[in-house]
Amino acid sequence: MSLLPEEIKKDFPLLARTVRGGRPLVYLDSGATSQKPTAVLEAEREFYERRNAAPHRGAHLLAEEATEAYESARATVASFIGGTPGEIVFTKNATEALNLVAYAMSNAATAGPEAERFRVGPGDEILVSEMEHHANLVPWQQLCRRTGATLRWFGLTDDGRLDLDDLDALLNERTKLVAVTHQSNVLGTVPPVERIAERARQVGALLVLDGAQSVPHQPVDVSRLGADFLVFSGHKMLGPTGIGVLWGRRELLEAMPPFLTGGSMIEVVRMEETTFAPPPQRFEAGVPMTAQAVGLAAACDYLTGIGMDRVHAHEEALVAYTLERLGEVPGVRVVGPRTTESRGGAVSFTVDDIHPHDVGQVLDELGVAVRVGHHCAWPICRRYGVPALTRATFYLYNTLADVDSLVDGVRKAQEFFGRR
Amino acid sequence: MQLEAMYQEVILDHYRNPHNKGLREPYEGEAHHVNPTCGDEVTLRVHLEGEGQDARVADVSYDALGCSISQASASVMTDLVIGRSVKEAMAVGDEFLALMQSRGQGEPDEDVLEDAVAFAGVSQYPARIKCALLAWMAWKDATARALGEAS
């Protein structure tokens, strides 16, 4: 492997702790949230200890320094995904970023003519897929409820890919927006974004990508992605909780009405009416999550220092090994692609006759932290006829030995529930 | 090892050979409960004879999907409530709820809870308490409906 995960682990204080009776922690739940390197913790601490003030307010020295820290974080995040600072909106998380776009679209109904492009109503269609995280499904369902638009979706193939056979029919002249994952949090699948983007362009639909699982794990360059919006969360990419990002093409952000309103996002306020600031400030009402933005920028710097190509290659090797090792265990079925092609580091599986909760309990007893349940993607479980799944997700600090611990734990669960 | 403490033999027995499983007629109240964190679900029917709190729980039938803890708990629950008056059965339910909320500190009364004392270990795992309570909550709900108390 080109990475040295044992060395990298030393940068993450939490990974040194023990769990359940003094066992070393094997953390295979980075898809839910990642652990944090010392560099991120120190960046936040340094901000609070030296520069804390409300940015974009006041003229004192600290306010200037806090503003500089916040805007410099924006520039770092922009550069991490190949965008420009004016296209980066800080949000609470990816979920809020998706809701921001969905609510901006319903707010477009009462906005000026510049917002025409975002208006939806009866006869219009919003297109999603059956593999979406609830965060990229429910906001669009609700948007359709509010506006009378129709929700449609791509189905899935048996091997865990998006079924694009009906691409041209599903993504048509009535489609106002298509919102799909850039990497499935359950199946690991990376859909063919270029194909979808090309068709979206043909019919004039907006393309939103849920990058919550892609931006932390693979090199992403918005200038080549073909998307109109990309969302992701800081906490899944070594950064703090409470910060996420909406990247949007500048011309779209300029025409888009606000979601949350209040301080900081205004231009002129009178008792009768208010005009709004240009983006990104238009979408950042209230005192922002400054320390968290600084922490996220430190996470971007940390990842850039290692190299996203190497992070991706490392996870690909881990997934290949996991698919191979789990494949040797009778009664284990991987739900999702069985090869590493167009696939990221989430491996979900069932174990015959053992409910995922029980598999997870045995793994937990052995110090192996995995996710069990429907993973905020209930329709995927329905599609594949399973009540729930056990999921292992990887990051740069995971080792082949971690995979061995997982597989040993699965066998142990089989022994435990089989023998008694 | 802690696993044995949680997965007592009696729990695994009920899980493998659940009592009173399958939906039956007649029934006066039915409830469908899900655990939104994991997708486990139970559909449960209650058949009462008589009126009010003194009515006798004549039958409880159910169909359920879920982990060993939730399945075993449903089975144990039906054994505990069938044949009792609603009032007595509710009291047993309250005792079980108290045990589940005891964070491993409870001292369960085996005379009241019978096989359900085996779930004492589950109360140490906050993520699993809901599993053990799912069928009980569905039973309370279905009973309220049978008594015409539900909205």
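How many Å separate the centres of domain 1 of chain A and domain 2 of chain A, taken over C-alpha atoms? The answer is 29 Å. This is a predicted model, in which local features need pLDDT of at least 70 and side-chain atom pairs count only at pLDDT 80 or more, while totals for chains, interfaces and linings use all residues. Residues are numbered from 1 along each chain as its sequence is written, and chains are lettered from A, with ligands numbered from 1, in the order in which they are written.

Chain A splits into domain 1 (5-30 + 307-419) and domain 2 (42-304), with bounds that come from an automatic or database domain assignment. Where the two meet, domain 1 puts in 25 residues and domain 2 puts in 24 residues; two residues are in contact if their C-beta atoms, placed from the backbone, lie within 7 Å. On the domain 1 side, helix H11 (308-327) of chain A gives the most, with six residues. Helices (H or I, at least four residues) and strands (E, at least two) are DSSP runs, numbered from the N terminus. That side divides into 12 nonpolar, seven polar and six charged residues. Here Ala, Val, Leu, Ile, Met, Phe, Trp, Tyr, Cys and Pro count as nonpolar, Asp, Glu, Lys and Arg as charged, and the others, Gly among them, as polar.

The largest nonpolar core has 129 residues, and A:Val178, A:Leu230, A:Val231 and A:Val245 have the most contacts inside it. Such a core is a set of buried Ala, Val, Leu, Ile, Met, Phe, Trp, Tyr and Cys residues joined through C-beta atoms within 7 Å. Buried residues have 20 or more other C-beta atoms within 10 Å of their own, exposed ones 12 or fewer, and partly exposed ones fall in between, with C-beta atoms placed from the backbone. Helix H10 (residues 290-306) of chain A gives the most to this core, with 10 residues. Both domains of chain A give residues to the core, so it lies between them. Apart from it lies another core, of 43 residues, with B:Ala31, B:Val81, B:Ala116 and B:Ala138 among them.

Of its 14 residues, 12 are buried, so H4(A) is largely enclosed by the rest of the structure. Strand E4 (88-91), helix H5 (138-147) and strand E8 (206-210) of chain A are included in what covers those buried residues. Leaving aside neighbours within four places in sequence, A:Val231 is in contact with residues including A:Ala94, A:Ala97 and A:Leu98, which are buried in H4(A).

Chain B has six helices and three strands, in the order α-α-β-β-β-α-α-α-α along the sequence. Its radius of gyration, taken over C-alpha atoms, is 14 Å, close to the 15 Å that the globule rule (2.2 Å times the number of residues to the power 0.38) gives for 151 residues, so chain B is as compact as a globular protein of that length. Of those 151 residues, 42% count as buried. B:Lys130, in helix H6 (residues 126-146) of chain B, counts as partly exposed, with 17 C-beta neighbours inside 10 Å.

Finally, the two chains meet through 15 residues from chain A and 15 residues from chain B. Five residues, the largest share of the chain A side, come from helix H12 (356-365) of chain A.

Notes:
The expected span of a helix is 1.5 Å times one less than its number of residues.
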